[in-house]
Amino acid sequence: MCGEPTVLIQKGKIMEDRLKKQRYTIDGLLEELLLKYLKTSIPDKPSVANELVDGFNSPLGTFSSRIKMAYALNLLKYDLYHNLEKIRACRNEMAHSEDIMTFDTESISKILKSIDVKKDGLSNRDIFLIASV
């Protein structure tokens, strides 16, 4: 992201209208935040950190590998690790399907039901959003 700074998360709430305006997705935002977190966790060797995470073919070039490494280094607690894995699974299911999918599509709904948040009366979309914060 470049240009004027934009607040994307405010008081623990994702500002969806601003994400849309910036043409950013929630999973893209989470992936970018995780990338920056991993890089700053290796402060003494920034060039090594960049080699590890920059580019799809780098050792930590995928959202999946970044989630797993952050958890392995104890940078993420289990509940956040678990929820990020589920968000990633939803993203992959939607991105690689030939069918039009929504949060209420059976396979997506099943993944969302396994996310560790209070679900009392929440829509699947809201469960996804809450898990993302």
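Reader: How far apart are Glu 32 and Lys 36 in helix α2?
Author: They are 4 residues apart, so about one helical turn separates them. This is a predicted model, and in it their side chains meet in a salt bridge at 3.5 Å, N to O.

Reader: Is Glu 32 buried, exposed or partly exposed?
Author: Glu 32 is partly exposed, at 27% relative accessible area.

Reader: How many salt bridges does the structure hold?
Author: The structure holds 6. One of them joins Glu 85 and Lys 68, with 2.8 Å from N to O.

Reader: Which helices do Glu 85 and Lys 68 lie in?
Author: Glu 85 belongs to helix α5 and Lys 68 to helix α4, so the pair ties together parts 17 residues apart in sequence. Glu 85 is buried, with a relative accessible area of 11%. Lys 68 is partly exposed, at 40%.

Reader: Which residues do salt bridges with shared partners join into one network?
Author: Glu 31, Arg 66 and Arg 91. Within that group, the side chains of Glu 31 and Arg 66 meet at 3.4 Å, N to O. That pair links distant parts of the chain, with Glu 31 in helix α2 (residues 26–40) and Arg 66 in helix α4 (residues 63–72), 35 residues apart.

Reader: And are Glu 31 and Arg 66 buried or exposed?
Author: Both Glu 31 and Arg 66 are buried.

Reader: Switching to rings. How many aromatic pairs are there?
Author: The count is 4. Among them is Tyr 71 with Tyr 78.

Reader: Why is the pair of Tyr 71 and Tyr 78 called edge-to-face?
Author: The ring centres are 6.1 Å apart and the planes stand at 65 degrees; planes over 60 degrees apart count as edge-to-face. Tyr 71 is partly exposed at 31% relative accessible area, and Tyr 78 is partly exposed at 49%. Tyr 71, Tyr 78 and Tyr 81 form one aromatic cluster.

Reader: What about Phe 103 and Phe 128?
Author: Their rings form a tilted pair, 5.0 Å centre to centre with 40 degrees between the planes. Phe 103 sits in the loop between α5 (78–96) and α6 (106–113), and Phe 128 in helix α7 (residues 124–132), so the pair ties together parts 25 residues apart in sequence. Phe 128 is buried at 8% relative accessible area, while Phe 103 is partly exposed at 21%.

Reader: Overall, how many helices and strands?
Author: There are 7 helices and 2 strands, running β-β-α-α-α-α-α-α-α from the N terminus.

Reader: What share of the residues is buried?
Author: Buried residues make up 34% of the 133 in the protein. The protein exposes about 8,900 Å², and carbon and sulfur atoms supply 53% of that area.

Definitions and conventions. Residues are numbered from 1 along each chain as its sequence is written. This is a predicted model: local features need pLDDT of at least 70, side-chain atom pairs count only at pLDDT 80 or more; totals for chains, interfaces and linings use all residues. Side-chain values use heavy atoms; hydrogens and water are left out. Rings of Phe, Tyr and Trp (its six-membered ring) pair if their centres lie within 6.5 Å; planes under 30 degrees apart count as stacked, over 60 as edge-to-face and the rest as tilted. Buried means under 20% relative accessible area, exposed over 50%, partly exposed in between (1.4 Å probe, protein chains only). Accessible areas come from the Shrake-Rupley method with a 1.4 Å probe; for residues, only the protein chains shown count as cover. A salt bridge is a side-chain nitrogen of Lys or Arg within 4 Å of a carboxyl oxygen of Asp or Glu.
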